[in-house]
Amino acid sequence: MPVTEKLFETDSYLQRFTARVLSCTPVPQGYGVVLDRTAFFPEGGGQPCDTGRLGEARVLAVHTDGLTITHTTDKPLPEGTEVEGTLDWAPRLDAMQQHTGEHILSGTLHRLYGAENVGFHIGTPYVRMDTSIPLTEAQLAEAEAQANEAVRADTPVHCYIPDAETLAVTQYRSKKELDGPVRLVEAGGDRCACCGPHLSRTGEVGIIKIISAQHYKNGMRLAVACGQRAYEAIANGWADAESAGRLLSAPVGKLTDAVTRLQTGEAQLKQRLAALQNVLAAAYAAAATPGQPCTVWAEGADGDGLRRIALAVAAETHAACCALAPGGQGLAYALAAAPGEDIRPVCKALNETFAGRGGGKPAFCQGSLRDADEARVRAFMTEIL
Ligand SMILES: [Zn+2]
């Protein structure tokens, strides 16, 4: 098979080129086209393949076996002819921003903590990066800050293939053992073996943002955004924070304090509500007739309140009690059994009669009724209890 000349290795900004069609064969997805040279980067090393056009044909995918690059097109191209290739530039530029940013961040994590990059994939919406060792939030924040300093320093990105003697005495990061000529990429103080297309200066990365970090296998799985993607992630996050800030009457930067105050307030309200519902339960129990099963309407009580009322009344009267209030998609109920009795058959009948759902233990059941009103449930309970 022929060796395709890789134009993207010498000029990663080449968007338009001409080449000779060496072969064109039908393949399941269209046609497999081999050119003498190409600017289309094939899928590899975590970076997606380029798309674009070859003459009138659309390039749907690009693959390589290491030597020959094959373009999958939707139309056949005559063998032996000269064809013009055009790349879809926006996705390629995005891939170069993510890829070059990854070099800088991986290099920084390696330099600061000895972390190896053991996984890389340009996904949507973020880039996935796996590290060989666990890292703390503070370590990641420090690496992110230093990587962005390297971006702002706007130094050249250098790609080259050193001779064997030079390579032998050169330190570089690599995911695997390599033999033969090795293409090295220097970016922001890092040196790494890589075949992909990169930006020409670190400044073009714009910004590097670690979006999230989780423990994964022996290290961390990072979601990272660079360039335009980082800008969008930060702009969207800021808009969301501002909108939350308006609801909380707090500026961005003080949201955590505001939410903490809200949570403390909510916990206090829950305590007060529980205390009031206990008072309500005691009042219902005091008003109930001993030995007489009953149904009580407790407008305003929540599920917990209904439970407290039903149990308090049953304990006081030594008879079953059904507590009802608006709730769920209709009425919420709580059923407490007379001591030693099983209330579950009553619960089942209630659910069947009023399109309800719920259940529980012999002494207590709880649920909601979709198709019910107070009067009908009272009548039903009087009959069944
Ligand atoms: Zn690279």
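Modeller: Domain bounds, as used here, come from an automatic or database domain assignment. This is a predicted model, in which local features need pLDDT of at least 70 and side-chain atom pairs count only at pLDDT 80 or more, while totals for chains, interfaces and linings use all residues. Residues are numbered from 1 along each chain as its sequence is written, and side-chain values use heavy atoms, with hydrogens and water left out.

Biologist: Into which domains is the protein chain divided, and what distance separates the centres of domain 2 and domain 3?

Modeller: The division gives domain 1 (5-87), domain 2 (93-245) and domain 3 (277-384). Taken over C-alpha atoms, the centres of domain 2 and domain 3 are separated by 61 Å.

Biologist: How many aromatic pairs does the structure hold, and what is the angle between the planes of Phe17 and Phe40?

Modeller: Rings of Phe, Tyr and Trp (its six-membered ring) pair if their centres lie within 6.5 Å; planes under 30 degrees apart count as stacked, over 60 as edge-to-face and the rest as tilted. The structure holds 4 aromatic pairs. One of them joins Phe17 and Phe40, edge-to-face at 5.9 Å centre to centre, with the planes at 75°.

Biologist: Why does the pair of Phe17 and Phe40 tie together parts that are apart in sequence?

Modeller: Helices (H or I, at least four residues) and strands (E, at least two) are DSSP runs, numbered from the N terminus. Phe17 lies in strand 2 (residues 16-27) and Phe40 in the loop between strand 4 (37-38) and strand 5 (52-54), so the parts tied together are 23 residues apart in sequence.

Biologist: Why is the pair of Phe354 and Phe380 edge-to-face?

Modeller: The ring centres of Phe354 and Phe380 are 5.5 Å apart. Their planes stand at 85°, so the pair is edge-to-face.

Biologist: Is Asn351 buried or exposed?

Modeller: Asn351 lies in helix 8 (residues 344-353). Buried means under 20% relative accessible area, exposed over 50%, and partly exposed in between (1.4 Å probe, protein chains only). With a relative accessible area of 13%, Asn351 is therefore buried.

Biologist: How does Glu266 count at 42% relative accessibility, and what distance separates the C-alpha atoms of Glu266 and Tyr216?

Modeller: Glu266 lies in helix 6 (residues 255-287). At 42% relative accessibility, Glu266 counts as partly exposed. Glu266 and Tyr216 are 50 residues apart along the chain, and their C-alpha atoms are separated by 35 Å.
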